[in-house]
Structures are given as structure tokens and as C-alpha cells.
Amino acid sequence: MSDPAFFFQIDNAEGSGDAVIVCEHASNDLTAAANALGLSVDQRQAHIAWDPGALGVAKGLSSALDAPLIHATASRLIYDLNRPPDSPGAMPARSEAYDIPGNRDLTPRQRLERTRAHYIPFHAALFSLLARRLASGRPTALITVHSFTPVYFSTRREVEFGIIHEADDRLARAILARDVGLLTRLNDPYSAADGVTHTLALHATPLGLGHAMLEIRNDLIATPVAQQAMANRLAPAIREAVKECL
């Protein structure tokens with residue numbers, strides 16, 4: 001389901017599996033921003049604009065787990081859906097080593113306009129999806145899918161698969177306990193302390209849902225074939241872990 005008035009899409013909305021999949025950084029589309037925020041073509045393809053490969057993995061997991069998937073259709077540089085409206089990172093003037101000219105000196109009115117266009121509809125739709133499932137008595141875990149760079153500020157990251165949690169660590173640890181053939185760590189390369197679990201804090205924690213944020217090193221999911229292979233690799237472990245925790 002897609003509504004051109006909003007900057008998100010829901011796939012497999014009536015999926016019968018025990019999870020809902022979220023991909024906040026699915027797209028690098030900047031057509032909704034004036035002059036593409038002043039970024040070059042190369043910058044628009046870089047990790048600052050999106051999580052490369054994450055949507056392909058999320059779609060594969062949605063299919064394998066028969067899970068609804070909600071994902072962004074605009075770049076996180078216009079609005080990062082995994083950040084609250086008062087966060088500087090929601091509409092960053094600088095991301096990693098790059099200045100974002102189109103986000104410099106935004107007025108409160110401009111920030112509010114982006115929040116109304118991107119953040120509020122996305123999270124309202126996600127909450128509605130979760131609420132309908134819970135009202136119907138359907139067990140539900142919330143899983144967000146992200147990717148990260150192999151090198152960050154000149155430092156090589158050895159971890160291949162990170163599992164991050166918010167208040168409840170049960171699902172994250174259950175996934176961690178299963179061998180997926182990757183160098184896997186808990187709360188690496190990020191943790192909740194880095195402010196990266198907003199979606200989980202907003203939805204999973206208040207509703208008491210098992211949850212996990214999946215971080216996959218993006219050199220491992222650089223092609224559609226690799227993305228599908230990663231989804232196939234992770235899906236059995238996630239399915240088993242979800243059933244264990246629900």
C-alpha cells in the first residue's frame with residue numbers, strides 16, 4: 001500500500017507472521033527537497049542519504065516471515081524517521097564528514113513542515129498497524145532493519161551483524177544466541193545510548209513488544225542477490241527467536 005501524499009509505503013499489510021518490519025532509512029530519494037539539499041550525485045548515493053541494501057533485506061525478511069513492512073520513500077536527510085522532532089539529527093546540517101547545505105539554518109516553520117510531511121504520518125501509520133494487530137490478539141515483535149559502513153571515520157569495523165535493543169533485551173539476545181554465520185555482536189556498532197533506537201522507544205517499549213534493531217554491514221548486502229541471501233540467512237534465526245520470546 002502506497003499513498004503519494006505521504007513519504008512511506010506499507011507492503012504485505014495483512015501478513016500473518018509474528019513480526020512487523022520497519023526500514024526507516026530505505027530510500028535516498030531527494031526529489032521532495034529543493035535542489036536535492038545541495039548534494040552531489042555521489043553524496044546522494046552515500047550512506048549519509050540512506051542505508052544501502054537495507055530495504056532489499058527488509059523486503060526479503062517480510063516475505064520469508066510473512067510480516068508487514070513499512071518503509072520510507074524519501075531520504076533520511078530530509079527527515080530521519082528514527083529521530084524525534086527535537087533532535088538535531090532529524091534534519092542534520094552535517095552528517096558524518098559532509099555538510100548538508102539544504103539543512104543549514106532551517107527555521108522552526110521549515111522544521112515543522114518537514115515533521116508534518118514525513119515524521120507524523122509515518123509513525124501514525126506504524127502505530128495504527130501495531131494497534132490493529134494487538135487488538136486482534138496477534139502476537140507481534142517489532143524489528144527495524146538498517147545497514148552500516150565498513151569504515152567509519154577511518155576506522156575499520158570488524159563486526160558484520162549488530163543487534164541493538166531498547167529497554168527489553170530478550171529478543172536481541174535470542175537472535176544473538178543463534179548462529180547465522182556472521183561476526184555478530186550485541187549493541188555494536190551502535191547502542192541505544194547513541195540515540196539510534198527512537199522507533200523502538202516510541203512504539204515497542206510503551207506497548208511492551210519484543211524488539212530488535214538489525215544492523216548489517218553494507219558491503220555484505222551491496223547487490224540485490226546479496227540482500228536476498230542475507231534475508232534468507234537471517235530469517236530462520238529471527239523466526240525462532242521471535243517465537244521463543246512471544
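This is a predicted model: local features need pLDDT of at least 70, side-chain atom pairs count only at pLDDT 80 or more; totals for chains, interfaces and linings use all residues.

Biologist: Which residue just after H5 takes a positive phi?

Modeller: H5 is the helix of residues 198-207. Just after H5 there's a phi of about 70°, and the residue that takes it is Gly208.

Biologist: Zooming out, how compact is the protein chain for its length?

Modeller: The protein chain has six helices and 11 strands. For 246 residues the globule rule gives 18 Å, and the radius of gyration is close to that at 17 Å, so the chain is as compact as a globular protein of that length.

Biologist: And what share of the residues count as buried?

Modeller: Buried means under 20% relative accessible area. Of the 246 residues in the protein chain, the share that counts as buried is 51%.

Biologist: What about the charges: how far apart do the centres of the two sets lie?

Modeller: There are 23 positive and 27 negative side chains in the protein chain. The centres of those two sets lie apart by 2 Å.

Biologist: Now the rings. Is the pair of Tyr79 and Tyr119 stacked, tilted or edge-to-face?

Modeller: The structure holds four aromatic pairs. For Tyr79 and Tyr119 the ring centres are 5.4 Å apart and the planes sit at 45°, so the pair is tilted.

Biologist: How many residues apart in sequence are the parts that this pair ties together?

Modeller: Both Tyr79 and Tyr119 are buried. Tyr79 lies in the loop between strand S3 (69-72) and strand S4 (94-95), while Tyr119 is in helix H3 (residues 108-135), so the parts tied together are apart in sequence by 40 residues.

Biologist: Take Tyr152 and Phe153: what kind of aromatic pair do they form?

Modeller: Tyr152 is partly exposed, at a relative accessible area of 32%, and Phe153 is exposed at 53%. Their rings are 4.7 Å centre to centre with 80° between the planes, and over 60 degrees the label for this pair is edge-to-face.

Biologist: Last one: which residues form one aromatic cluster?

Modeller: Rings pair if their centres lie within 6.5 Å. The residues that form one aromatic cluster are Phe6, Phe8 and Phe122.

Conventions
Residues are numbered from 1 along each chain as its sequence is written. Side-chain values use heavy atoms; hydrogens and water are left out. Helices (H or I, at least four residues) and strands (E, at least two) are DSSP runs, numbered from the N terminus. The radius of gyration is taken over C-alpha atoms; the globule rule is 2.2 Å times the number of residues to the power 0.38. Buried means under 20% relative accessible area, exposed over 50%, partly exposed in between (1.4 Å probe, protein chains only). Lys and Arg count as positive and Asp and Glu as negative; His and the chain ends are not counted. The place of a charge is taken as NZ of Lys, CZ of Arg, CG of Asp or CD of Glu. Rings of Phe, Tyr and Trp (its six-membered ring) pair if their centres lie within 6.5 Å; planes under 30 degrees apart count as stacked, over 60 as edge-to-face and the rest as tilted.
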